[in-house]
Amino acid sequence: MEPLVTIITPCYNSADFVALTINSVLEQSYTNWELIVIDDKSKDNTTAVIETYAQQHNNIKLIKLEQNGGVANARNVGLAEAKGKYIAFLDSDDIWLKDKLAKQVAYMEEKNLPMTFCAYQRIDEAGTVISGKIEVPNSVNYKKLLSHNVIIFSTSLTLKSAIGDIRFKKAGHEDWIFWLDIFKKPFNGYGINEVLVEYRIRKGSVSSNKLKVIGFTWKILRESEKLGFFESAYHFAKYAFSTVWKRLK
């Protein structure tokens, strides 16, 4: 049997995009999955959109939080409910291409890998592709991640056993901190250099605010990872170069 994949999707005011995201899961060529959607007390009709899908599909579950706790808390709620051998994270405005899960699961099962991630393209709010292929390295470890977070969350697939009891911390760049915590175990993540995800850039998001990203990056290196000033500066310079280079593609 194909192993079960748990997909965790946190939502907040995502009514404009979440149907496209869920449809991209329903269209997967890989069929043994459960989708856990956590609504973080949205103020729009996000829950109504999701409920329509949950009522029609037994493998789609909606969890409505009573208070807004942020994306880190929402993902942790999803992890607590996950039953799959594998964990996939899918943000509520991103889109998977139809063979995303099939190719990652097949690769991981064949090679007995703890986690994989893939290449992607950026799209804007209208769904227009605004970048070329964003390539990924063949493998990445903790030290490489310190210099550049190459793992876009919606491109990842990870063994639940590799995540273990690690949970998200409420901080800027919580996705990067999560990967750093996991990769300290240590193990490598492996890249599939094929575009299998469309990553949406929205106005006002943290990823679109360069000053916030710079501040979060320095804070993580110094406070979360407790690196010395010069080692932090080294990784910060590499991170800045990699980010600028990626944006030029």
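Predicted model: local features only at pLDDT ≥ 70, side-chain atom pairs only at ≥ 80, totals over all residues.
Q: Which phi does Asn-13 have?
A: Asn-13 is not a glycine either, and its phi is positive at about 50°. Asn-13 sits in the loop between strand E1 (5–11) and helix H1 (18–26), and at 26% relative accessibility Asn-13 counts as partly exposed.

Q: Okay, zooming out, how many helices and strands does the chain have?
A: The secondary structure comes to nine helices and nine strands. The chain has 249 residues, of which 51% count as buried.

Q: What share of the contacts is between residues 24 or more positions apart?
A: Among contacts in the chain with a separation of 6 or more, 78% are between residues 24 or more positions apart, a contact being heavy atoms within 4.5 Å.

Q: Changing topic, how many salt bridges does a search of the whole structure find?
A: That search finds nine salt bridges, each one a side-chain nitrogen of Lys or Arg within 4 Å of a carboxyl oxygen of Asp or Glu. One of them joins the side chains of Lys-64 and Glu-51, at 3.0 Å from N to O. Lys-64 lies in strand E3 (residues 60–64) and Glu-51 in helix H2 (residues 46–56), so this pair ties together parts that are 13 residues apart in sequence.

Q: Which residue does Lys-61 meet in a salt bridge?
A: The side chain of Lys-61 meets that of Glu-81, at 2.9 Å from N to O. This pair links distant parts of the chain, with Lys-61 in strand E3 and Glu-81 in helix H3 (residues 71–81), 20 residues apart. Lys-61 counts as partly exposed at 37% relative accessibility, and Glu-81 is partly exposed as well, with a relative accessible area of 31%.

Q: What about Arg-75, which residue does it form a salt bridge with?
A: Arg-75 pairs with Asp-91 in a salt bridge, the closest N and O atoms being 2.9 Å apart. Arg-75 lies in helix H3 and Asp-91 in the loop between strand E4 (86–89) and strand E5 (95–96), so the pair ties together parts that are 16 residues apart in sequence.

Q: Is Arg-75 buried or exposed?
A: At 4% relative accessibility, Arg-75 counts as buried. Leaving aside neighbours within four places in sequence, Arg-75 is in contact with several residues, including Ile-8, Pro-10, Phe-89 and Glu-174.

Q: Which ring does the charged end of Arg-75 sit over?
A: The charged end of Arg-75 sits over the ring of Phe-153, 4.3 Å from the ring centre; the cut-offs for this are NZ of Lys or CZ of Arg within 6 Å of the ring centre and within 35 degrees of the ring normal.

Q: How many aromatic pairs does the structure hold?
A: The structure holds 10 aromatic pairs. The rings of Phe-153 and Phe-168 have their centres 5.5 Å apart and their planes at 55°, so that pair is tilted. Rings of Phe, Tyr and Trp (its six-membered ring) pair if their centres lie within 6.5 Å, and planes under 30 degrees apart count as stacked, over 60 as edge-to-face and the rest as tilted.

Q: Last one, how many of the 10 residues of H7 are buried?
A: Nine of them are buried, so H7 is largely enclosed by the rest of the structure. Among the buried residues of H7 are Trp-176, Phe-178 and Trp-179. In the loop between H7 and strand E9 (189–200) is Pro-186, and the peptide bond from Lys-185 to Pro-186 is cis, with omega near 0°.

Notes. Residues numbered from 1 in each chain as written. Heavy atoms only, no water. Helix = DSSP H or I, 4+ residues; strand = E, 2+ residues; numbered from the N terminus. Buried < 20%, exposed > 50% of the residue type's maximum accessible area, 1.4 Å probe, protein only.
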